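I opened this model to look up its overall dimensions, its sheet and the packing of its helices. My entries follow in the order in which I made them.

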Amino acid sequence: MNTHSEVLVVGGGIGGLAVAHNLARSGYGVRLLERADHFGEVGAGLQLAPNATRLLRDWGLLDAVVERGVLPDRLVLRDAVDGRLLTSLDLGDEFRRRYQAPYVVVHRSDLHDVLLTACREAGVELLTGHEVTDVRPHADRAEIMCADGSGFTADVALGLDGVDSGLRGTLVADEKIDSGFVAYRGTMAAADAPDTVDLRSVVAWLGPDCHLVQYPLRRGELVNQVAVFRVNGEPGALDAVFAACCPAVRAGLGALWRDRHWPMTDRLPTTGWSQGRLGILGDAAHPMLQYLAQGACQALEDAQVFTDQAVKHSADWPAALEATERIRAPRTARIQRTARVWGEIWHVDGTARLLRNELLRTRAAPDRSHIDWLYGV
C-alpha cells in the first residue's frame, strides 16, 4: 500500500486535471492516477462557453488557453440540405460584457496541456499507468487498488474517469445509453480549407439524421470538423448519409479521419454521486450528449464547486461531496435533458424541418433567452 494522501483523483482528462489543480491550489495534497502510460487527450476541437472561461480566468489560465485557441465571431446554424442561414449569435463585445467572459474554441490537447502544466506547478502528484480495478470506501478513508498490484489510500477519492467510469458502478447501478449516432472527427489546415468554410465562426450544418460542425483552431491555423449521423447499423456509411446535403457540407467530408469513430453516448440524470469518502464528478457523474457543447464546461464547474465546498466544510469530505451534488445535480440534469432535445431538433426532416427552419430564421437576433440560463453569471 502506497503512502496516504488527502485527495486521490482517478482520471487524467480535462475534468480530473481541473479538480486536482483547484484542490492543490487551495492547499490540499492531491495525487492523480491515470490509466494510460502518458497524459494526453484524444480528439480535436473543444468549445468553451463563458460559464467555463470565467472559471479559467479566475484560475489564471484563460490567457494561456486563448493564446492557443480562437475567439470566434459567431455561432451559426445552417440547413445542411439547402445551405441556407438559419440563425446566428454574435460573440463580440456585447456578448462578452453580458456574460463577463469570451467564447473560446481550442484544441482538446491544448487545454489539456494548460491544465497539466498548472497541476505540476500546483504540486499535484501525477501518476500514469495506474488502472483502477477496485474501490473500497471506508468510514475514515477511501482505498484504491490498481491492476499492477499497487494500492492507495486517501481521505477522499474522486472518480473523474469519464462516461465509462469504473468508479460510478460502485455508486450507481445503471448503463450508458447509445444514442444511435456516431461521430467522425478530423482537422485540416485552414490554408487548404474549401472556400465555403467560415474561418471565423462556429458553424453547425443541420441535416436529416446528420449534422456537421466546423470551426477554427490553433490561432486560426486549423479547421476542426465533426460529422455526426444516425448509424442504422452501418457506422461506415458516412458519405451515403451526407449525400443529400449541399456541396459546402460534402466538401468537408474528405478531411475527416476514416479509421475511427466515436459512438455518441450518455446516461440518464441520477443522484447518489457519493458514498462516504468516495465521489464522482464530470462525465462520470453526468455524461451528456454534445449538442450544447457543455461536457468539458460542466466538468470545470464541478471542479470549482467541489473545491469551494471542501473549503467551506473544512475538509469534511462526505459533507463536501453531498453539498456539491445538491448544488450541481439539478443544473447538470437540465443540461443532459436539454442536450437530448436539441439533438432531436437538429436532426428532423420533412414538415418538422420546415417548421424548425422557419422558427430559427424568424428568431430576433438580440434574443438571449435560450442561453442566459446556461452561460449567465
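**Entry 1: Overall dimensions**

I compared the radius of gyration with the value for a compact globule: 377 residues would give near 21 Å, and the chain has 21 Å, which agrees. The radius is taken over C-alpha atoms, and the globule rule is 2.2 Å times the number of residues to the power 0.38. Along the principal axes, the C-alpha atoms fill a box of roughly 60 × 45 × 35 Å.

I note that this is a predicted model, in which local features need pLDDT of at least 70 and side-chain atom pairs count only at pLDDT 80 or more, while totals for chains, interfaces and linings use all residues. Residues are numbered from 1 along each chain as its sequence is written, and side-chain values use heavy atoms, with hydrogens and water left out.

I found twelve helices and 17 strands in the chain. Both are DSSP runs numbered from the N terminus, helices being H or I of at least four residues and strands E of at least two.

**Entry 2: The sheet**

I traced an open sheet of seven strands with mixed pairing, in the order β5-β4-β12-β13-β14-β11-β15. Two strands pair if DSSP finds at least two bridges between them. The edges are β5 (85-90) and β15, each with a single partner strand, so one side of each lacks a neighbour in the sheet. On average, neighbouring strands are turned by 20 degrees against each other, direction ignored.

I then followed strand β11 (residues 177-189) to its two partners. With strand β14 (residues 222-230), β11 pairs in the antiparallel sense over nine bridges. In that pairing, Ala183 stands opposite Val228, and the bridge partner of Met188 is Val223. Strand β15 (residues 262-266) runs antiparallel to β11 and is joined to β11 by four bridges; here Ile177 stands opposite Asp266.

I next looked up the helices on these strands. Helix α11 (residues 350-361) lies across β4, β5 and β12 and runs at about 40 degrees to β5. For contact I took heavy atoms within 4.5 Å.

Two packed helices are described by the angle between their axes and the distance between the axes. Axes are lines fitted to C-alpha atoms, for helices over the stretch in contact, and angles run from 0 to 180 degrees between N-to-C directions.

Helix α1 (residues 14-25) packs with helix α9 (residues 295-312) at about 25 degrees, the axes being 9 Å apart. I therefore recorded α1 and α9 as roughly parallel; angles under 35 degrees count as roughly parallel, over 145 as roughly antiparallel, 65 to 115 as roughly perpendicular and the rest as oblique. The contact includes Ile14, Ala18 and Leu23 of α1 and Leu300, Phe306 and Ala310 of α9. Its residues divide into nine nonpolar, four polar and no charged.

Helix α2 (residues 50-58) packs with α9 at about 45 degrees, with the axes 9 Å apart. I therefore recorded α2 and α9 as oblique to each other. Asn51, Ala52, Leu55 and Leu56 of α2 meet Cys297, Gln298, Leu300, Glu301 and Gln304 of α9. By class, I noted five nonpolar, three polar and one charged residues in this contact. Ala, Val, Leu, Ile, Met, Phe, Trp, Tyr, Cys and Pro count as nonpolar, Asp, Glu, Lys and Arg as charged, and the others, Gly among them, as polar.
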